[in-house]
Amino acid sequence: MTTSHAPSLTPLWEVFIRPRNGLNHKHVGSLHAADEDLALRAARDVYTRREEGNSIWVVRSDQIVASDPDEASENFDPAGEKIYRHPSFYDIPDDIGHM
Amino acid sequence: MYSQGLIGAEDNVEETPEFLEEFQARIDREEKIEPNDPMPSAYRKTLIRQIGQHAHSEIVGMLPEGNWITRAPTLRRKAALLAKVQDEGGHGLYLYAAAETLGVSREQMTEELLSGKAKYSSIFNYPTPTWADIGAIGWLVDGAAIMNQVPLCRCSFGPYARAMVRVCKEESFHQRQGYELMMTLAEGSPEQREMAQDALNRWWWPSLMMFGPHDSDSTNSDQSMKWKIKRFTNDELRQKFVDATVPQAERIGLTMPDPELKWNADKNDGEGGYDFGSIDWDEFWRVVKGGGPMNVDRLAARKKAWDDGAWVREAALAHAQKRRDRAEASKVAAE
C-alpha cells in the first residue's frame, strides 16, 4: 500500500489547550481548517465542549519540526546513565533531615 | 534534520524476522506505538481500516438520531440529543485524525466511505421510525459501543488509544440519557410503554451484531489480539454486554425479544451469565454488504452533505489564499 502524502486540500492543524491558568497548554489533537481563524473556531467547537480549557493555540502541523525517531536512542538514552543528576544519588546522614 | 512533523509515513521498513520479533516484544512490554515508529505494514493497514471504519460509524451514526432533533418532545430532550449528535461528529473527527497519523488522507477516507469501499457499523442501517428508537440507540447502541471502546483505550497504537479516552469520557452521558428516556417511556401510558418495548424488540439483535462475527468466523481477530489492538474477542465483549444489559431491561419492566435467554450460573467461570439465542448472521452479512433497510439512504445523505459542502470548502480555501496574498503584498510594499 502507499502512504505517500496525498496533497491534503485543507491544511492540518495541531490543537493545544490550557486547562486553566497556571498550567501549560497541552496538545489535545488535530483538525483540518482552511486558515487560522477557522482552525480556532473548529478547535473551540471540537475540543472545549466540556470546559476543557480557557485558552487555545493552533499550529500548522507542517510547521512542527520533530526529532528523528531513528535518533531517539542516541538523543535520549545517555540521560539514563547520569544518575548523579538526581538527588537520591547523594548519601546524606538521616539525622540531617529533609534536604 | 527531520521535518516531516507529526505524521508518520515511514512505510519502507524491511520486515526481517528480527524486526517483527522486536516489534512484538515492544507490544508485549505494553509499550505504545507512535506514528513515527517503525511498524509492520500489516499493523498499519489493520489500524487504518479499523480506525477508518470506526470514524465512518461515528459520522454515519449522526443520521438516525439527527432524524429526531426537530421532533424531540421537550426542550430538555432536544438539547441532550443535539449535544449527543454533536459529540458523534467530534468523535468522528478525533478518529479521522488518529487514522491520518498513519499516512492516509481525510479526502481518501471520505472517498472510500462515499464509494462504498469502506464499511461502517451495520447498526446505522436500521431506521428510526419512533421517538423510542432514540432511547434504544442511546441505551443499547451506545452501550455496546462503550463495551467495545473501553478496552480500546489501552490499544497499542497511541493516537487511537488517546482518541478513545476522549470518546469514552464523553459517551457515558449518551448511554445514560438513552436509558433514562426508555425508563420514562416504560413508566408512561400503555402506548408509551408499548413504544419502548417495540424499539427494544427491533434494536436488541442488531445491537448484539455490533460486536461482529463469532470468534471462530472473525478473520482479523487473532492477529489484532496479538498486537493488542483488541483486548477482548468479539464473543467475550458480546457476553459482557448481554450480562450488563439484561438486568437493566428487567429493572424498567421491558422484555428482551429472546425466548432462549436465561440465567446460567455456571457461565463466566462460575460467576454466572446469560445464555442467549443464536444471532441471524444472514441478516448481519446482508446489512454489512449494503442490503440493510437504510444503506442507500445513509450513503446518499453523506454524499449530499459532501457535495453540498464543496463550495464552502472551496470558498474557505480561496479566502485563506486571498488573505495570505494580501499580507504578502503589504509586506513587500512596506520594504
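This is a short chat about a predicted model, its chains and some of its side-chain contacts.

Q: Start with chain B. How many helices and strands are there?
A: Chain B has 13 helices and two strands.

Q: What does the C-alpha trace span along its principal axes?
A: For chain B, about 80 × 55 × 35 Å.

Q: And how much of chain B is buried?
A: Of its 335 residues, 51% count as buried. The accessible surface of chain B is about 16,000 Å². Carbon and sulfur atoms hold 55% of that surface.

Q: Now the largest nonpolar core. Which residues have the most contacts inside it?
A: Y43(B) and F157(B), in a core of 89 residues. Helix α6 (residues 132-152) of chain B gives the most to this core, with eleven residues.

Q: What is Y43(B) in contact with, leaving aside neighbours within four places in sequence?
A: F23(B), I27(B), I33(B), S156(B), F157(B), W227(B) and I229(B).

Q: Aromatic pairs next. What's the count over all chains?
A: The count is 15. One of them, Y43(B) with W227(B), is edge-to-face, at 5.4 Å centre to centre and 90° between the planes.

Q: Where do those two sit?
A: Y43(B) is in helix α2 (residues 41-60) of chain B. W227(B) is in the loop between α9 (221-226) and α10 (234-251) of chain B. They are 184 residues apart, so the pair links distant parts of the chain.

Q: Buried or exposed, Y43(B) and W227(B)?
A: Both are buried. Ring pairs also link Y43(B) and W227(B) with F19(B) and F23(B) into a cluster.

Q: Switching to charges. How many salt bridges over all chains?
A: The structure holds 31.

Q: Which residue does R26(B) pair with?
A: D37(B), with the closest N and O atoms 3.3 Å apart. R26(B) lies in helix α1 (residues 17-28) and D37(B) in the loop between α1 and α2 of chain B, so the pair ties together parts eleven residues apart in sequence.

Q: Why do R26(B) and D37(B) count as buried?
A: The cut-off is under 20% relative accessible area. R26(B) is buried because its value is 17%. D37(B) counts as buried because its value is 15%.

Q: What about E34(B) and R162(B)?
A: Their side chains meet in a salt bridge at 2.9 Å, N to O. E34(B) is in the loop between α1 and α2 of chain B, and R162(B) is in helix α7 (residues 158-186), 128 residues apart. E34(B) is partly exposed at 26% relative accessibility. R162(B) is partly exposed at 47%.

Q: Which residues are joined into one network by salt bridges that share partners?
A: R49(A), R50(A), E52(A), D87(B), R166(B) and E170(B).

Q: Over to chain A. What is T10(A) in contact with, sequence neighbours within four places aside?
A: H32(A), A33(A), A34(A), E107(B) and L317(B). T10(A) lies in the segment before β1 (12-18) of chain A. T10(A) counts as buried, at 15% relative accessibility.

Q: Last one. Which residues make the nonpolar surface patch of about 770 Å²?
A: I83(A), Y84(A), F89(A), Y90(A), I92(A), I96(A) and M99(A). I92(A) is in the segment after α3 (78-81) of chain A. I92(A) is partly exposed, at 43% relative accessible area.

Notes: Residues are numbered from 1 along each chain as its sequence is written. Chains are lettered from A and ligands numbered from 1 in the order in which they are written. This is a predicted model: local features need pLDDT of at least 70, side-chain atom pairs count only at pLDDT 80 or more; totals for chains, interfaces and linings use all residues. Side-chain values use heavy atoms; hydrogens and water are left out. Patches are made of residues with over 30% relative accessible area and no salt bridge: like charges are joined within 9 Å, nonpolar side chains (Val, Leu, Ile, Met, Phe, Trp, Tyr) within 5 Å. Accessible areas come from the Shrake-Rupley method with a 1.4 Å probe; for residues, only the protein chains shown count as cover. A salt bridge is a side-chain nitrogen of Lys or Arg within 4 Å of a carboxyl oxygen of Asp or Glu. Helices (H or I, at least four residues) and strands (E, at least two) are DSSP runs, numbered from the N terminus. Buried means under 20% relative accessible area, exposed over 50%, partly exposed in between (1.4 Å probe, protein chains only). A nonpolar core is a set of buried Ala, Val, Leu, Ile, Met, Phe, Trp, Tyr and Cys residues joined through side-chain atoms within 4.5 Å. Contact means heavy atoms within 4.5 Å. Rings of Phe, Tyr and Trp (its six-membered ring) pair if their centres lie within 6.5 Å; planes under 30 degrees apart count as stacked, over 60 as edge-to-face and the rest as tilted.
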